[in-house]
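Please study the structure shown below and work through the exercises that accompany it. Each exercise is followed by a solution in steps.

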Amino acid sequence: MATSVEPKLARDTVITGKWKQNRYRIERLLGEGANGRVYLVERGGAWYAFKVGSDAVDLQSEVNVLKSLAQHQRGEEVFLVDVDDYRGKDGKEHPFYVMRYVRGLSLLDYLNREGTEWFPLVGFHLLNKLAGLHASGWVFGDLKLENVLVGDYGRAQLVDYGGVSAIGKSVRQFTEIYDRGYWSAGSRTADPQYDLFSYAVLCIQLFESKRLAELTRTLLPQNRVPEELMKLTQDQPALKPFAGWLRKALHGGYADTREAAAAWQRLAHRPGSRRRSAAPRWMRRLLLVSALLFAASMIWLIRTGL
């Protein structure tokens, strides 16, 4: 069982799996965390994300999540490509798994480039991703800006499944500012409402990061409550149409993520809202199509026995 990651792998290093003999060429480091490093790798002219684990048990937990999603979701949602071990230059065997590489921008970079009118659509896509994960029996846990990428047409993707926890268990990984326990809003038991709380904080941080950082520095622990977060939405035009939604999510008011996503979609289409009037007609149609696809995927999940 591996207990540590070997020193960073240099560009053009070739990794050969012990059991399947698949060969991957290292291109560059994509990121690293407490439980491993992720590299961009190439095999047969295709690009993948290659994660080397620091602990075999933790890595296997992530693999189990990805396998579960592969069994219950449509092919385009399947991330897991390969699972194996390799012998490193340190002489030790290191577990790894390979995912489909997600191309995209950070959520903040995407909105800076395309405009804040994309916020409702990107948010709806992200809620759909969470709903699919929850329907499969998992909670993302460590939902934060760094773990979301946005591709073409506002399609949001979750990345880094290291914090995913089975519903009903304790959340395995979290970041304090997104944690409902930190804000005295509930436990750290993994349930859909935990992710929805984090999603609401993510929305606030997206537009009020400086004020949110100041809030966390100055508030005493006993004063960290959801209403302090809601104060940050009052003068923010992008968040005002969703203020009621955010308050309900921060207080655990949605029965499940499907209900929360449907409520979000209705707000995005609300007649007379500033966000709707600012968005071009084709974008509103895109949101409607996304909603129909989301409904179809939820029906498909239910029919497959979830």
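This is a predicted model: local features need pLDDT of at least 70, side-chain atom pairs count only at pLDDT 80 or more; totals for chains, interfaces and linings use all residues.

Residues are numbered from 1 along each chain as its sequence is written, and side-chain values use heavy atoms, with hydrogens and water left out.

**Exercise 1. Determine the strand order of the sheet of six strands and name its edge strands.**

Step 1. Strands (E, at least two residues) and helices (H or I, at least four) are DSSP runs, numbered from the N terminus. Two strands pair if DSSP finds at least two bridges between them.

Step 2. The open sheet of six strands runs in the order E1-E2-E3-E4-E6-E5, with antiparallel pairing.

Step 3. Strand E1 (14–16) and strand E5 (80–87) each pair on one side only and are therefore the edge strands.

Step 4. Direction ignored, neighbouring strands of this sheet are turned by 40° against each other on average; the axes are lines fitted to C-alpha atoms, and angles run from 0 to 180 degrees between N-to-C directions.

**Exercise 2. Describe the surroundings of strand E6 (93–100).**

Step 1. E5 and E6 pair in the antiparallel sense over seven bridges, and Arg87 stands opposite Glu93 in E6.

Step 2. These two strands, E5 and E6, form a hairpin with five residues between them, and Gly91 in the turn has a positive phi of about 85°.

Step 3. E4 and E6 are also an antiparallel pair, with five bridges; here Ala49 stands opposite Met99 in E6.

Step 4. Buried means under 20% relative accessible area, exposed over 50%, and partly exposed in between (1.4 Å probe, protein chains only). Six of the eight residues of E6 are buried, so E6 is largely enclosed by the rest of the structure.

**Exercise 3. Check the length of helix H3 (residues 119–135).**

Step 1. The expected span of a helix is 1.5 Å times one less than its number of residues.

Step 2. For the 17 residues of H3 this gives 24 Å, and the end C-alpha atoms are 24 Å apart, which agrees.

Step 3. H3 is mostly covered, with 16 of its 17 residues buried. Just after H3, Gly137 takes a positive phi of about 100°.

**Exercise 4. Is Ile177 buried or exposed?**

Step 1. Ile177 lies in the loop between strand E11 (165–166) and helix H4 (192–218).

Step 2. Its relative accessible area is 17%, so Ile177 is buried.

Step 3. Ala213 is 36 residues from Ile177 along the chain, and their C-alpha atoms are separated by 8.7 Å.

**Exercise 5. Which strand supplies the largest share of the lining of the second largest pocket?**

Step 1. On a 1 Å grid over the protein atoms alone, a pocket is an open set of points with protein on both sides within 12 Å along at least five of seven lines, and lining residues have an atom within 4 Å of a point.

Step 2. The lining has 29 residues, of which Leu30, Gly31, Val38, Val159 and Asp160 lie nearest the centre of the pocket.

Step 3. The largest share, five residues, comes from E2.

Technical notes:
On a 1 Å grid over the protein atoms alone, a cavity is a set of points where a 1.4 Å probe fits but cannot get out, and a pocket is an open set with protein on both sides within 12 Å along at least five of seven lines; lining residues have an atom within 4 Å of a point.
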